[in-house]
Amino acid sequence: MFNIKANLSGTTLNIALEGLLDTQTAPKLEEVITEKIGAADEVNFDLAGLEYLTSAGLRVLLTAQQEMDDKDGKMTMANVNDEIMEVFEMTGFTDVLTII
Amino acid sequence: MKEICIKADKNNIEEVFSFVEGELAATEGISRKDVLKLHMIVDEIFANISDYAYGDTKGDVKVSYEYDSESDTVTITFTDEGVPYNPLSAETPDITLSAKERKAGGLGLFMVKNTVDDIRYETADGKNILILTKIVGGEGNHV
């Protein structure tokens, strides 16, 4: 089970994720980001519904962060659960991402 | 011990998840956390084998599942006949790099090594055998 709700309002892109972000589902997120990130100067991820993620998911988040950094944009991650926070800490992503 | 044999192709990953998660569902005392962590482990290892073990011709991977009630451990073993590769020799990624300095890749095996309680690589008859063991049912003590 995996769901993406992406909504671009002005230059703010809000993305809510639900389920598991892994080898199978990360390409779907990548597709949405590729399509919409160009118009955004702010990207807000809502991970309230995201249960867990694998390195395939980390790769997509890293690419999005790099793209936002390149254009001095802002990217945030909200509602990170304990298990996902453990992954972010283990991989040093706590310093790469802005977790709010 | 239960096992499946399947072509090393990412399109088959759902079938591997179904096998492992079916076994986990039938094992008492498995928490949702255990399921998620083992899902990640299977995802990383099967994707790696699919990407790198074989060339254009996709060979087989054998995935086996074993639960030991005495030690409360689940052991998942991946056996392939692809190019010899010991994942334990993989370079450890630098997790202190900034977003800009980071390259994609290398994190999967690192996450697996940090999540399992034991990981062993063996080679026999030209086969790569990767044995991953995780304590389940509690918080688990990572070594």
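This is a predicted model: local features need pLDDT of at least 70, side-chain atom pairs count only at pLDDT 80 or more; totals for chains, interfaces and linings use all residues.
The contact takes 21 residues from chain A and 21 residues from chain B. On the chain A side, the elements that give two or more residues are strand E3 (42-53), helix H2 (55-70) and helix H3 (82-90). H2(A) supplies the largest share, eight residues. By class, this side of chain A has eight nonpolar, eight polar and five charged residues.

H2(A) was then examined on its own. Its 16 residues should span 22 Å at 1.5 Å a residue, and the end C-alpha atoms are 22 Å apart, so the two values agree. The buried residues of H2(A) are Ser55(A), Ala56(A), Gly57(A), Leu58(A), Val60(A), Leu61(A), Leu62(A), Ala64(A), Gln65(A) and Met68(A). An α-helix has 3.6 residues a turn, so residues three or four places apart point the same way. Just after H2(A), Asp72(A) takes a positive phi of about 55°.

The largest nonpolar core holds 58 residues. Within this core, Val43(A), Ala64(A), Ile41(B), Val42(B), Ile45(B) and Ile76(B) touch the most other members. Helix H2 (residues 32-52) of chain B gives the core its largest share, eight residues. In soluble globular proteins, nonpolar side chains tend to be buried together. Leaving aside residues up to four places away in sequence, Ile76(B) touches Val20(B), Ile41(B), Val42(B), Val63(B), Tyr65(B) and Leu132(B). Ala64(A), one of the buried residues of H2(A), is also among the core members that touch the most others.

In chain A, four strands form an open sheet in the order E1-E2-E3-E4, with mixed pairing. Strand E1 (2-9) and strand E4 (74-78) of chain A stand at the edges. Each has a single partner strand, so one side of each is left without a neighbour in the sheet. The twist averages 15° from one strand to the next. E1(A) pairs with strand E2 (residues 12-21) of chain A in the antiparallel sense, over eight bridges. Here Asn7(A) stands opposite Asn14(A) in E2(A).

In chain B, strand E3 (residues 73-80) pairs on two sides. With strand E2 (residues 60-68) of chain B, E3(B) is antiparallel over eight bridges. Glu66(B) stands opposite Thr75(B) in E3(B). The hairpin of E2(B) and E3(B) has four residues between the strands, and Asp72(B) in this hairpin takes a positive phi near 55°. E3(B) also pairs with strand E5 (residues 127-135) of chain B, again antiparallel over eight bridges. The bridge partner of Thr73(B) in E5(B) is Ile135(B).

The two faces of E3(B) can be listed separately. The covered face has Val74(B), Ile76(B), Phe78(B) and Asp80(B). The uncovered face has Thr73(B), Thr75(B), Thr77(B) and Thr79(B). In a regular strand the side chains alternate between the two faces of the sheet.

Most residues other than glycine have a negative phi, and most peptide bonds are trans. Asn79(A) is not a glycine, yet has a positive phi of about 60°. Asn79(A) counts as partly exposed because it has 15 C-beta neighbours inside 10 Å. Asp125(B), also a residue other than glycine, has a positive phi near 50°. With 6 C-beta neighbours inside 10 Å, Asp125(B) counts as exposed.

Technical notes. Residues are numbered from 1 along each chain as its sequence is written. Chains are lettered from A and ligands numbered from 1 in the order in which they are written. Two residues are in contact if their C-beta atoms, placed from the backbone, lie within 7 Å. Ala, Val, Leu, Ile, Met, Phe, Trp, Tyr, Cys and Pro count as nonpolar, Asp, Glu, Lys and Arg as charged, and the others, Gly among them, as polar. The expected span of a helix is 1.5 Å times one less than its number of residues. A residue is buried if 20 or more other C-beta atoms lie within 10 Å of its own, exposed if 12 or fewer, and partly exposed in between; C-beta atoms are placed from the backbone. A nonpolar core is a set of buried Ala, Val, Leu, Ile, Met, Phe, Trp, Tyr and Cys residues joined through C-beta atoms within 7 Å. Two strands pair if DSSP finds at least two bridges between them. Axes are lines fitted to C-alpha atoms, for helices over the stretch in contact, and angles run from 0 to 180 degrees between N-to-C directions.
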